[in-house]
Structures are given as C-alpha cells and as structure tokens.
Amino acid sequence: MINTVLGPISGDDLGVTLMHEHIVVNIIGADSGERSYTIEEVLEYVLPYLIEAKDKGCQTIVEATPLGLGRDLEVLVECSKKSGLNIVTCTGAWDGSDVKGLSVPDAIKKITIDEIANVWTKEFEEGIDETGIKPGYIKLALGDEGKIFPLQEKLLRAAARTSKKTGMRIQCHIYTSASVPSAIKIIEEEKLPYDRFIWVHADGQMDMEKILEFGKKGIWLQFDGIGVVKEFTKYPPTIGKLVEENLIPQLLFGQDSGSFWIKEEEEEWPMRPYARFFNEFVPYCIKEGVEKELINKVITENSRRALSLK
Ligand SMILES: [Zn+2]
C-alpha cells in the first residue's frame, strides 16, 4: 500500500511516477502565518500543467514540499481530484539552501530528536493534523553549505528513527555533494539500512565519485533536476555509467518542476511544466542511446519500490 492524498492505493495503481515535483512552495518562513493565496488561484495556475502531464502518461506525482515549505493538503487534494493524478505527500522538514532554519517550524526546533520522530510517526499512523491524510515518505533538505549543521543533524536522526518505525524512506535533498559522507555517517550511526535513504539532487553537481561510492553502498540516487536544467547533456553518459556499474535499480527520476511560489517580494518565477519529462527528456535520452525500457523501468518499478513501505 502507498499513501496518497486521496487515501492508500495498491502499488499496482501507481504507474508512471515522477519522484520530485512541487505544487505550492512557500519560502517566506515556516511560521509566517496564514495562507496568502486562495486554492482557486493555485488551481487556475497549476492545474493545466498537471493535466498536461497526465495526458502524456504520468499517473503519480510525488509532491516534495514538507510542512514549513508550503505543504498544503487542501490544495493537493483538489489538484489530485481535478487532474486524476495520484499525489503523494510527505512528512519531514526542509533546511536546504542557506535559509538557516527559516523553513523549519519553531515547534519542531524546540523538541528533542525522539519527540520529532514521534510527531512524524504520528502523522504516518493517524494522519496529518485532523485530515486523515497520511504521508508516503519523509522529506528532508540539508547540507547545502558543505556541512551539516546541528539542527540538520537532529532532523536527519529524527528522520532515521521515523523510517525505522514506519518503513517510510527518507528523500534527503543534498545539493552539495561534499555533505553526503557526513549524512551517510549519521545514517550508519542510526543503523538505518542504506536503501531507506534517497539522495535527492544527486544530479545537481553530478559528482560521479560520490554517486558511485554511495550508490554501491546501497543508497538510492535520484536525478531530479530534469525540470530545472537548460540542457540534458549530462544525463545520457551518467546513465550509461550507472548501467556499467549495475546501479540502475537504485535510480529515480524527478524534475523539481512546478510551482506556485510564495515569496516576500513580487518576483517573476516561471512555471516549470510537469510534462517536460515526457515532451523533452525522454525523446532526448532515446536519441542519445538510452534504452526506452530502462527509462520506463525507472519511472515505474523503481519508483514503486522506493515508495513501498518496508
Ligand atoms: Zn524540490
């Protein structure tokens, strides 16, 4: 069973699944108060893009926005109902970039590691707040400044303990690959199996040395900047290398696409269409010699295994 915002579904019903997309992102801070937009506004902006992705064959979107960064379950429910896409939401916390805790709610900062793990486990067991909606995975973001700060270490340990209690995997945003060894060391100290850990943005710096080193230990490698990059040139050779090293079963795809952005100042932030994967990335990879079957396996079988609870 996999938890979606409309309830649990069987793994057979996931189908083509993109592992990292956004619908609403709020970067003005976790404790910034009330919603500053209406659900209708978001739907009007985002829904045509979701429907386009559905028409191109996408069946499930893993929404990568935890509490504090804009997770909005009412919006996700409406988007899922109106687009026909399954949408998977998350528990966890985001401290990526150089925001220094801005996106982590005070209520989480103040409590201990085990208390955080209890909060996240309760979301899994009983649903988030009073909605009954359960998360499908744990989302974290850390290490973007080349090291792991104490708050980030606390969140990572809490995520590991939540994973051990619930079976949910951790999707951990680490853009700066220099931070990956320390993250993995923490995971090892927490005695979490490697395959519970998904390195989100492994394609950010495309640090092949670390991709291979930690891939061989058994972590998942998520290439999810596909909606962000100008060109896809780095992907086919890297995928070829993963084929040689038998690491394709640990590869995941996503785009970091979307979204409806809430910012302090009015700034233009163009939508990154969810269908780009199908319209541009797949044809490009096939032209460059990547087998279509391989791509299909990654977005169906691999995504399904990465979302299964074990
Ligand atoms: Zn993201």
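The model is a predicted one, in which local features need pLDDT of at least 70 and side-chain atom pairs count only at pLDDT 80 or more, while totals for chains, interfaces and linings use all residues. Residues are numbered from 1 along each chain as its sequence is written.

**The protein as a whole**

- The protein has 10 helices and 13 strands, where helices (H or I, at least four residues) and strands (E, at least two) are DSSP runs numbered from the N terminus.
- Its radius of gyration is 18 Å, close to the 19 Å of the globule rule for 310 residues, so the protein is as compact as a globular protein of that length (the radius is taken over C-alpha atoms, and the rule is 2.2 Å times the number of residues to the power 0.38).
- The C-alpha trace spans about 50 × 45 × 40 Å along the principal axes, and 48% of the 310 residues count as buried.

**Helix α6**

- Within α6, which covers residues 180-189, the buried residues are V180, A183, I184 and I187.
- Seen down the helix axis, these buried residues fall within an arc of 95°, so they line one face of α6 (the arc is that of the directions from the helix axis to the C-beta atoms).
- That buried set packs against α5 (150-166), β9 (170-173), β10 (197-200) and α7 (208-217), a contact being two C-beta atoms, placed from the backbone, within 7 Å.
- Just after α6, K191 has a positive phi of about 55°.

**L156 in helix α5**

- L156 belongs to helix α5 and is buried, with 28 other C-beta atoms within 10 Å.
- Leaving aside residues up to four places away in sequence, L156 touches L140, L142, A183 and I186.
- L156 and I187 are 31 residues apart in sequence, yet their C-alpha atoms are 7.8 Å apart in space.

**Helices α4 and α5**

- Helix α4 (residues 113-126) packs with α5 at an angle of about 45°, their axes being 8 Å apart (axes are lines fitted to C-alpha atoms, for helices over the stretch in contact, and angles run from 0 to 180 degrees between N-to-C directions).
- The contact involves residues including W120 and F124 of α4 and R157 and R161 of α5.

Note on methods. Buried ≥ 20, exposed ≤ 12 C-beta atoms within 10 Å, placed from the backbone.
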